Amino acid sequence: MISDDCKYTQEHEWVKVESTEANEVLVGITDYAQDQLGDIVYLELPQTGSVVKQLDKMGEIESVKAVSDLFSPISGNVIESNPDLNDHPELVNEDPFGKGWLIRVTMTSANELDGLMTASEYQSYIEGL
Amino acid sequence: MTDSNKRTPLYDSHISAGARMVPFGGWDMPVQYSGIISEVESVRTKVGIFDVSHMGRVYISGPSATEFLDLMLTGSASELRIGRARYCMICNQDGGVIDDTIFYKLEEQNYLLIPNAGNRDAVVGWFNKWNDEKFGNACNISDTTLDTGLLAVQGPDAVSLIDELFTLGDGVQPSSLRVFSFGEGTWKTGTSKGKSVFMGRTGYTGEDGFEVVVDKAMLTDAWDQLVNGGAVPAGLGARDVLRLEAGLPLHGHEIDEDTTPIEAGLNRFVKQSGGFIGSEVLHNQIEQGIEKKLIGLQLMGRSAPRVGYSISLEGEEIGHVTSGSYSPTLDKSIAMGYVLERYSKIGQRLQIDIRGRMTDTEVVGLPFYSRPRRS
């Protein structure tokens with residue numbers, strides 16, 4: 001399952017533009033990523049007000065078996081971390097493109113999106129893994 | 001997956017049940033099917049089934065078999081009654097653990113041992129060496145691992161499911177076997193009807209249940225009948241969480257050739273009479289004390305310590321984690337690890353370095369989880 005209105009990183013994060021005027025985006029991990037991780041039990045996400053930089057580590061995600069780094073698909077300021085994930089990290093497994101979003105960010109530069117994969121490019125990418 | 005990995009006869013059954021396969025101990029094994037958390041819950045509340053055919057089936061027989069095993073094992077073979085099983089360790093001369101195993105006394109001079117998959121060759125090699133050097137090869141050591149399969153049926157509903165499918169003959173039900181007893185069961189139904197299996201009331205999950213040795217030819221039928229009867233397929237991921245919750249050691253983590261059963265807190269599986277390989281070292285440790293000790297650690301949050309993470313007290317490193325996981329049953333993170341003995345008391349507050357986050361933890365008694373006793 002892939003969402004057509006997102007751009008993607010090779011580390012399996014997605015970014016979706018919510019407001020073009022405000023440069024506001026949502027960030028999450030893909031269905032492929034949550035399936036690979038298995039049952040997610042904990043997330044360490046950047047706090048509101050913090051700064052993230054494109055392709056830099058922004059946090060961690062833990063499943064029962066493994067822990068992985070999270071990378072930000074874009075640079076900007078974090079407006080909100082998904083408050084529901086503290087008590088319900090399984091939302092990332094159940095609805096990775098919806099209720100399982102990770103952070104809301106004001107992008108510094110919308111041009112950064114051009115360097116990310118489109119949905120069809122990401123589809124080909126994961127089929128080659 | 002590499003070409004050299006072995007596959008159990010149930011490989012295709014695992015794939016069609018949606019398993020994700022991983023290499024483990026030289027085998028391609030299912031790590032999970034529906035998901036680790038739901039599989040753990042099935043085993044804790046209903047019944048789960050594990051294909052553990054990768055574990056060894058090694059028979060020891062011959063006129064000196066009991067004497068031989070009394071030398072090789074930390075648990076007594078001579079004092080074990082026929083029809084009973086025992087958990088113990090196989091130690092090297094320094095008291096380090098080559099493997100841990102359950103062994104079953106089939107006859108006065110005939111035993112079945114279940115070594116871990118990755119240690120089977122080491123155990124058989126170690127036995128062959130001593131059989132040659134000390135016993136003039138009088139023991140017959142027979143590794144039948146590849147001729148049979150091994151299924152673990154575990155959980156509060158496991159015994160009633162086994163009773164539905166098997167009889168011990170003359171209307172005697174498998175549930176009449178006590179824990180750590182075994183018998184020969186006969187299939188009541190299916191294409192294997194009338195055929196017999198070896199069944200022991202043992203396991204590695206902290207739940208009641210059976211481990212069943214089945215001929216290769218019947219294994220798929222056995223799996224299908226047990227799954228159709230309600231047993232939920234569970235993989236190595238769930239098995240690792242379950243054994244950790246139950247405070248059971250895993251070789252290569254809590255025990256290895258550089259740790260002793262005494263350091264691992266396994267004293268009750270070490271016979272006091274001695275006379276086995278490594279016994280002098282172990283008895284010295286019992287009398288004079290140990291430097292490091294295995295402990296259980298409980299954390300407040302869900303972020304889990306992982307193997308190798310450092311354990312410290314006021315900034316000073318005093319040990320390391322050997323296993324850690326989020327525990328679905330307790331809904332908090334748990335770990336086992338070694339610390340300096342003087343910091344091993346229950347209630348001791350310590351810190352674990354979780355990838356740079358110094359996280360508070362507390363020493364707790366093992367096991368983390370005990371099943372509720374049922375009348």
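Predicted model: local features only at pLDDT ≥ 70, side-chain atom pairs only at ≥ 80, totals over all residues.

Residues are numbered from 1 along each chain as its sequence is written, while chains are lettered from A and ligands numbered from 1 in the order in which they are written.

**Entry: B:Glu317.** I found B:Glu317 in strand β18 (residues 316-327) of chain B; strands are DSSP runs of E with at least two residues, numbered from the N terminus. Leaving out residues up to four places away in sequence, B:Glu317 touches B:Ser310 and B:Ser312. B:Glu317 counts as partly exposed because it has 13 C-beta neighbours inside 10 Å (buried needs 20 or more, exposed 12 or fewer, and partly exposed lies in between).

**Entry: the open sheet of chain A.** I noted 3 strands in the order β4-β6-β7, with antiparallel pairing. β4 (40-44) and β7 (67-71) each have a single partner strand, so one side of each is without a neighbour in the sheet. Two strands pair if DSSP finds at least two bridges between them. Between β4(A) and β6 (residues 57-63) of chain A I read 4 bridges, and A:Ile40 has A:Ser63 as its bridge partner in β6(A).

**Entry: β8 of chain A.** Strand β8 (residues 76-81) pairs antiparallel with β5 (residues 51-52) over 2 bridges, where A:Val51 is partnered by A:Asn77.

Terms used. Contact = placed C-beta atoms within 7 Å.
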